[in-house]
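Student: I have a sequence and a model open on my screen, and I would like to learn how to read them together. Could you walk me through it?

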Amino acid sequence: MPWIVFDYAGVISASPPVGAGALLPETVAAPPARFWPVYWAHRQPYDLGAVTAEEFWREVCGELDVPLDDDLVHVLVALDVRTWAHVNEDTVALLRELAGRGTPLALLSNAPVELARMVDGRPWASLFRHRLYSADLGLAKPAPEIFHELTGRLGAAPGEVVFVDDREENVRAARMLGIRAVHFTGVARLRADLDRVAGWARVRTGRAAGSPAATGRARPSRRGG
């Protein structure tokens, strides 16, 4: 049974509700059309753990000509985490179903430390046998090094891994390394993709050829790392 590795933002987390997505630009009194390009332009070093939250927001607010103090940093960090905290309940239901069938699951996310620790604290986080974050690794998708780190932690060959991500560039990078990657556009489509790529629907019935149910032989579950 292959590992199934999920991205967080855009796969497990839902798109931020309009109100939540508006809070950050409103807090610094910047038009969204101005705020978000600046936010993303400075995001990668923060996701990599190369800069602190204070340093990230100092760069963003400096470019927006917004005065910054410790209180505002605290508010911005809290709002930022909250923006990405809204989960897709259909994805979480699928995770529980997969885990209940014994499917080995892992998480691979480009996330700063504060967001990573929030995710670690969610009740469904324990469904993952491994949780890997860019800020902890100093590596970020779509760099090939982060996928090498992933397969090493899992103790799996690339062909034994199915990777689910909503960004096409990340999917392409994984495929170039031999990982069976699928582009996430919704849970209904993902179920079909998992069946196509990993034969999940057949494996989950316990009737696939060579499965313990078919052969009558017990098989130890794979645990990487």
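**Reading a predicted model**

Tutor: Let's begin with a helix: the cover over the buried residues of α4 includes α1 (18-27), α2 (32-41), α3 (43-47), α5 (70-83) and α7. Helices (H or I, at least four residues) and strands (E, at least two) are DSSP runs, numbered from the N terminus. This is a predicted model, where local features need pLDDT of at least 70, side-chain atom pairs count only at pLDDT 80 or more, and totals for chains, interfaces and linings use all residues. Residues are numbered from 1 along each chain as its sequence is written, and side-chain values use heavy atoms, with hydrogens and water left out.

Student: Which residues of helix α4 are buried?

Tutor: Buried means under 20% relative accessible area, exposed over 50%, and partly exposed in between (1.4 Å probe, protein chains only). In α4 (residues 53-63), A53, F56, W57, V60 and C61 are buried. Viewed down the axis of α4, these buried residues fall within an arc of 120 degrees, so they line one face of the helix. That arc is taken from the directions from the helix axis to the C-beta atoms. Just after α4, D65 has a positive phi of about 60 degrees.

Student: What does W57 touch?

Tutor: Contact means heavy atoms within 4.5 Å. Not counting residues up to four places away in sequence, W57 touches L24, F35, Y39, G62, L68, L76, V77 and D80.

Student: How should I read a nonpolar core?

Tutor: In soluble globular proteins, nonpolar side chains tend to be buried together. Here a core is a set of buried Ala, Val, Leu, Ile, Met, Phe, Trp, Tyr and Cys residues joined through side-chain atoms within 4.5 Å. The largest one has 53 residues, of which F6, Y8, I12, F35, W57 and W124 touch the most other members. Helix α5 gives the most to this core, with 6 residues. A second, separate core of 18 residues includes V5, L108, I146 and V171.

Student: And the strands? Which strands pair with β2?

Tutor: Two strands pair if DSSP finds at least two bridges between them. Strand β1 (residues 3-6) runs parallel to β2 and is joined to it by 3 bridges, with V5 partnered by A106. On β2 and β3 (residues 130-133), 4 bridges make a parallel pairing, in which R131 is the partner of L107.

Student: Is β2 enclosed or open?

Tutor: In β2 (residues 105-109), 5 of the 5 residues are buried, so the strand is largely enclosed by the rest of the structure. L105, L107 and S109 are buried on one side, and A106 and L108 on the other.

Student: How do I spot salt bridges?

Tutor: Side chains of opposite charge can pair when their charged atoms come close. The rule here asks for a side-chain nitrogen of Lys or Arg within 4 Å of a carboxyl oxygen of Asp or Glu, and the count comes to 14 salt bridges. K141 and D7 form one of them (2.8 Å, N to O). K141 is in the loop between α8 (134-137) and α9 and D7 in the loop between β1 and α1, so the pair ties together parts 134 residues apart in sequence. K141 is buried at 5% relative accessible area, and D7 is buried at 4%.

Student: Where do E149 and R153 lie?

Tutor: Both lie in helix α9, 4 residues apart, about one turn of the helix. E149 is partly exposed at 29%, and R153 is partly exposed at 36%.
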